[in-house]
Amino acid sequence: MDVFVMQNLLNWLVLGSIYALVALGFSLLFGVLNVIHFSHGDVSIVAPFVVLAVVQALLASVFPAATLGALALACVLAIVAVGLIGVLADWLVIRRFRNAPAMMALVATVALGTVVREVIRMVYPQGSNPKPFPRLIESRVQLGDLPVPVFSLFVIAVSVLMMTVLFAVMRYTPLGMRIRAVAEDRATARLMGIRPGHIFAATFFIASAVGAIGGLFFASYAGVVRFDFGIQLGLIGFSAAVIGGLGSMQGAILGSLLIAGIDTLVQATMAEGASYRLVFAFLLVIVVLVLKPSGILGRPIMEKV
Amino acid sequence: MAVPLLETRNLSIRFGGLVAVSRVDLSLAAGETLCIIGPNGAGKSTLFNLISGIYRQSSGTVRLDGRDITGWPAHRIAAAGIARTFQSSRLFGDLTLVDNVVIGMHCRTRTGVIDALLRPRRARAEFEAAAERAGELLRLVSPGLYERRHTLAGTLPQADRRRLEIARALASDPKIIMLDEPSSGMDDRDTDALIEDIRLTMAERPGLAYIIIEHDMRLVAALPERVVVIDYGEKIAEGHFSEVRLMPRVQEAYLGQKAAHA
Amino acid sequence: MMAEPPRIALSARHTSAADVAVVAAAELGGALLLGLFLLADDSRFIVALLVLLGAGFAALQIRPAIEERIVAAFRNARFTALGLGSAIVLAYPFAMQGSSYALHLLVVAQLYAVLALALNFQLGSANIPNFATGASYGIGAYTSALLAIDFGVSFWLTLPIAAVVATAFGFLLGFPSMRTRETYLALVTIAFGIVVHQLLNNFDWTGGPNGLVGIPAPTILGHSFAAPIELFGARLPSQANFYYLAAALVALAIVSARRLHDSRVGLAWNALRADELAARCQGINVVWYKMLAFAVDAFLAAFAGSVYAAYVSYISPDNFTFLVSVTIMTMVIVGGMDNTLGVILGAFLLTLLPEKLRIFADYRLLFVSVVVILFLILRPQGLFPQRPRSYGGR
């Protein structure tokens with residue numbers, strides 16, 4: 001196969017994987033809590049900043065030489081930290097809108113996103129400026145004529161692994177069962193001795209931690225991160241989850257691949273592709289929703305009369 | 001023979017593999033009252049949803065005054081003269097009683113955006129006239145509702161919600177009113193009062209036809225002239241209540257269920 | 001039949017001295033508070049004013065009777081309220097001590113009030129989410145600016161043309177609302193807003209990311225809006241021209257809002273907000289009314305856009321982003337859905353607050369966001385919640 005085509009197929013899969021990690025969080029949270037957590041993208045993009053801070057602290061003090069170890073440790077710390085930030089966001093803000101109209105939660109989480117961005121900007125030294133972010137893995141392997149960055153393969157592998165783990169957790173573990181029970185019917189789940197508050201916290205932790213991985217990959221793929229990258233990442237992840245059908249994890253993955261697909265296609269084939277990629281991505285969103293009003297794999301809304 | 005006011009032929013709807021309403025023929029003359037009875041889940045409400053255009057039929061036709069209205073959208077069917085209430089009353093809870101009834105007059109009033117913006121006098125006159133009529137209708141249905149006409153509909157007790165829904169349905173000057181279990185959720189005393197109110201409105205407008213889905217046997221015995229029994233989506237009997245109730249098939253399908261219910 | 005309730009003609013309503021006093025106190029007090037806030041420099045003073053405002057709303061929350069009394073007074077003393085209100089609006093620039101900054105803030109706040117009122121038709125009356133009001137605002141601004149720059153069309157002519165163009169886009173945007181709803185519809189509007197923003201950013205003829213420069217100021221009877229106003233020996237900064245223009249636009253928006261609200265159309269919107277299916281069964285063509293709401297929103301927003309373009313004489317895509325739409329939405333929710341006064345107040349607060357908090361420099365965006373979140377938690381119904389419709393006899 002043509003190197004150019006293969007290159008773009010690879011780009012597509014990498015981008016799709018990154019978007020899917022964020023979209024899954026949107027879908028999971030909507031499925032369980034019926035809430036749009038619009039600051040999910042902003043929360044996810046906290047992860048690269050935690051990594052940068054931790055790496056700097058480690059290099060300055062403990063082990064000046066072991067860069068890779070420091071990076072790995074920092075990533076794990078960042079993922080856990082962001083998971084906890086998600087729980088905190090729910091505890092402080094989102095849980096207060098459980099029974100409010102959907103628009104209230106949407107607007108509140110948009111404001112929460114601003115809070116997250118501003119806190120990053122203020123807490124991180126010179127937070128307004130873009131920060132270079134390292135490739136997590138630098139090496140390449142040769143695949144035929146194509147030199148493939150190991151990083152790309154790593155992103156795809158980790159994403160597939162995360163999706164599998166998430167599916168398995170939801171389907172086969174007691175926690176997953178409890179989450180699904182709460183998603184299905186909160187009142188009944190409570191009667192069965194499940195405490196919805198704990199389930200919500202767990203769901204937020206899982207969604208945010210998975211989003212954090214997406215945030216790390218996003219920054220690493222771009223090679224740079226800025227405090228407001230979360231807006232775009234969030235919008236794309238949200239769109240992917242919605243066109244796939246909110247609440248459906250397969251839908252979130254499908255939506256991500258679609259958006260990443262049009263993104264890659266436009267950049268590969270159009271002269272000014274880079275500037276028009278968002279136009280086409282969001283036109284796709286509109287077209288999909290006009291044709292399939294509840295998303296591709298979403299359950300159609302059938303009103304009970 | 002004169003053309004019936006409402007006529008359904010072979011009306012059916014399937015949800016996936018389930019046939020919810022199957023080949024139902026109904027016929028209703030102007031000023032007539034028809035009661036539809038049948039066990040829970042027999043497809044009575046689904047039949048209403050078909051006639052009022054909320055569901056799309058799988059096959060069959062609906063005619064109003066000889067005109068084919070099959071498959072029309074709900075708002076056109078309402079405008080054509082079929083008004084209805086819902087089993088779990090669906091009022092506009094955050095609006096006042098008057099608002100609710102004025103909304104019922106939507107298809108009998110004309111003001112559009114341009115009129116509202118550029119001909120305020122005319123729009124206002126129509127609006128106030130509608131409010132005036134809404135007051136009269138509320139008083140007709142129940143003086144108690146008239147007293148509370150500027151309170152929010154969401155605050156009403158169940159019996160009054162039902163009355164307000166009937167007032168709202170009357171507001172569109174319909175040819176037919178379909179009442180979906182008007183007595184559901186009400187005790188005997190409220191039901192008796194409701195029967196009286198319905199009788200009163202019937203006397204007030206002799207040309208108006210009614211189709212009533214009902215579970216409460218007292219209401220069925222008290223009001224309608226003709227009864228249709230539905231079971232498993234099919235019409236299994238039709239006639240006067242006193243005759244229909246004696247048919248073995250009806251007793252098996254419906255009264256047996258009723259006994260089990262009690 | 002019982003006797004008809006007596007119908008009281010509007011002019012014959014009984015107006016008591018107490019009503020007049022309440023109206024005057026409310027209007028003058030509001031104007032004074034706003035004026036002090038606009039002209040204040042000392043940050044402690046600004047915070048004190050905000051605390052006072054907060055105390056006022058706390059009082060309303062604890063004692064709803066106060067609000068009822070004020071509303072009743074305004075209803076009874078309608079003409080006093082209207083006359084005094086107009087006089088205050090007309091005289092206001094003279095009280096600004098020639099501060100062009102204060103006038104600038106008032107112009108922007110009024111334009112946002114128009115945008116919030118526009119969105120209120122949808123979000124407030126009909127509960128249709130629309131994250132694209134910023135896009136309609138931008139379409140209006142760009143249409144008007146391009147016509148003025150490229151074709152030399154007079155501002156007064158671009159105003160209606162821009163509105164018509166934006167309305168056409170509004171209908172287009174409303175089209176998916178035929179089938180899509182709630183969160184899904186919200187995403188359609190978000191996507192539309194982003195597409196418009198990105199296209200403005202990429203097209204050559206819109207000036208790309210640099211936008212359009214040198215949009216001419218309107219003139220009226222030979223008086224340019226870029227020139228100061230000299231009247232009765234007083235000299236008002238040039239911003240005063242746009243202050244009056246924006247005030248006229250706000251008045252237009254208020255009149256439209258009231259006329260539509262108290263009409264068959266407003267009721268139809270409210271009906272589909274409360275229960276779409278029941279609305280259909282009352283003969284309401286919900287698809288048409290949804291598209292209508294999109295169109296009305298776009299129409300008014302385009303007016304605001306045209307005035308904005310002529311006012312700042314320079315526009316770029318970044319004036320019309322997704323976050324602008326969210327801000328407008330926040331104004332409606334914070335102010336109070338389907339309440340004209342509340343929506344205007346929401347717009348003023350959310351425009352002026354970040355500006356006057358410049359002293360907090362870096363922290364102001366954070367501060368405003370936290371306030372918005374707290375507000376949504378503590379008073380979800382908004383500053384002034386929706387009120388039952390009143391009919392002539394009451």
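C:Asn127 counts as buried in this predicted model, because 20 C-beta neighbours lie inside 10 Å of this residue, and a residue is called buried at 20 or more. C:Asn127 sits in the loop between helix 5 (100-126) and helix 6 (133-151) of chain C. Its phi is near 55°, a positive value in a residue other than glycine.

B:Tyr232 has a phi of about 50° although it is not a glycine. The loop that holds B:Tyr232 runs between strand 9 (226-231) and strand 10 (234-239) of chain B. B:Tyr232 has 15 C-beta neighbours inside 10 Å and therefore counts as partly exposed.

Chain B also contains an open sheet of four strands, in the order 2-1-4-5, with antiparallel pairing. At the edges stand strand 2 (18-28) and strand 5 (67-68) of chain B. Each of these has a single partner strand, so one side of each is left without a neighbour in the sheet. Within the sheet, strand 1 (residues 6-15) and strand 4 (residues 59-64) of chain B run antiparallel and are joined by five bridges. In this part of the sheet, B:Ser12 stands opposite B:Ser59, a residue of strand 4 of chain B. Helix 1 (residues 44-51) of chain B packs on the sheet and touches strand 1, strand 2 and strand 4 of chain B. The direction of helix 1 makes about 65° with that of strand 2 of chain B.

The contact of chain B with chain C takes 36 residues from chain B and 29 residues from chain C. On the chain B side, helix 2 (74-80), helix 3 (97-104), helix 4 (113-118) and helix 5 (120-141) each supply at least two residues. Helix 5 of chain B gives the most to this side, with six residues. By residue type, the side of chain B that touches chain C divides into 19 nonpolar, eleven polar and six charged residues.

Chain C also touches chain A, in a contact that takes 33 residues from chain C and 37 residues from chain A. Helix 8 (182-202), helix 13 (322-335) and helix 15 (364-378) of chain C each supply at least two residues of the side that touches chain A. Helix 8 of chain C gives the most to that side, with 13 residues. The residues of the side of chain C that touches chain A comprise 23 nonpolar, six polar and four charged.

Key:
Residues numbered from 1 in each chain as written. Chains lettered and ligands numbered in written order. Predicted model: local features only at pLDDT ≥ 70, side-chain atom pairs only at ≥ 80, totals over all residues. Contact = placed C-beta atoms within 7 Å. Nonpolar A, V, L, I, M, F, W, Y, C, P; charged D, E, K, R; others polar. Buried ≥ 20, exposed ≤ 12 C-beta atoms within 10 Å, placed from the backbone. Pairing = 2+ DSSP bridges. Axes fitted to C-alpha atoms, helices over the stretch in contact; angles between N-to-C directions.
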